[in-house]
Amino acid sequence: AGRSLNFLIAGLDGEQRAAQALGARSDAIMVLHLDVDRRHVWVVSVPRDSWIALPGHGEHKLNAAYSLGGPALFVLTMEQLTGLRMDHLVVVDWTGLRRLTDALGGVPVSLVSPSSAAADTSGADVALTMDGATVLPYLSERRRLPNGDFDRMKRQQVFARDVFRLLCDRSTLTDPTALRTLAEALGDGMRVDTGLTTDEMLGLAASLRTVRPENVVFLTAPTTGTGTEGDARVVHYDGVAGRDLWQAMAHDRMPEFAAAHPELITGEHVR
């Protein structure tokens, strides 16, 4: 209460990886920011292939941080990249993602077909309900998407928004029993830092009771394009525009930043 909060979220590549200290790559990387007034939630996806400096390890793709140094190096790398303090860490692996989807009874998503001329349109021509068996192929696909990993990140964001919409519609965030049941279903497929206790989570959930899905905004961190480093395909992170983004987040000026950079915002429907 009384201050904004930053959550660092890692989606790990593989089954039963959340309990591992080393070796897993973070193929989905998001920074979730709660405004001080708890009226808006901002979620920024950072491309996993961003070519950056990892503390003590030289230049690597961003998703190597977790593999090389576990949660500690991952958090340190993201704090160095953003200039933000990460108050909490949430780690989910494929097992947790499947369990979450099934525990919710499936997650409905809508998207435009890959053959459509443009993504992020106001309408969708495909409606799907994801269960545990289908969610991983859907969220992992990138090779057949027009913009590859960038379209995959948008799929991840839309899925996360639809999960939040379900939680709101069912009043799960204001029901301690329902929250505990959901946490038990996830089991060791999700891990959080020791500071994110049950009481802390319940308090945070209660503070978000007035946030609606339309107040959750998803963005992609700015980049200047793709390229190669040796044999590796990489994403060139835009340090200048990125600094503006993280400063806006640090000072709760995200509405102004979002208004000035609509190209970074993910629409309601994606490929």
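These legends describe close-up views of a predicted model. Local features need pLDDT of at least 70, side-chain atom pairs count only at pLDDT 80 or more, and totals for chains, interfaces and linings use all residues. Residues are numbered from 1 along each chain as its sequence is written, and side-chain values use heavy atoms, leaving out hydrogens and water.

**View A. An open sheet of six strands.** The strand order is β9-β6-β1-β2-β3-β10, with mixed pairing. Edge positions go to β9 (190-192) and β10 (216-220). Each has a single partner strand, so one side of each is left without a neighbour in the sheet. On average, neighbouring strands are turned by 20° against each other, direction ignored. Strands are DSSP runs (E, at least two residues) and helices likewise (H or I, at least four), numbered from the N terminus. Two strands pair if DSSP finds at least two bridges between them.

**View B. Strands β2 and β3 run antiparallel.** Five bridges join β2 (residues 26-34) to β3 (residues 41-45). In one of them, Leu32 has Val43 in β3 as its bridge partner.

View C. Contact means heavy atoms within 4.5 Å. Axes are lines fitted to C-alpha atoms, for helices over the stretch in contact; angles run from 0 to 180 degrees between N-to-C directions.

**View D. Helix α3 meets helix α4.** The axes of α3 (residues 132-140) and α4 (residues 149-169) come within 8 Å and cross at roughly 140°. That makes α3 oblique to α4 (under 35 degrees is roughly parallel, over 145 roughly antiparallel, 65 to 115 roughly perpendicular, the rest oblique). From α3, Val135, Tyr138, Leu139 and Ser140 meet Arg152, Arg155, Gln156 and Phe159 of α4.

**View E. Tyr66 and Phe74 form an aromatic pair.** A search of the whole structure finds one such pair. The rings are edge-to-face, 5.7 Å centre to centre, with 65° between the planes. Ring centres of Phe, Tyr and Trp (its six-membered ring) must lie within 6.5 Å; planes under 30 degrees apart are stacked, over 60 edge-to-face, the rest tilted. Tyr66 is buried at 1% relative accessible area, and Phe74 is buried at 0%. Buried means under 20%, exposed over 50%, partly exposed in between (1.4 Å probe, protein chains only).

**View F. Ser26 of strand β2.** Ser26 is buried, at 0% relative accessibility. Not counting residues up to four places away in sequence, Ser26 touches Ala10, Gly11, Leu12, Arg48, Asn63, Tyr66 and Phe74.
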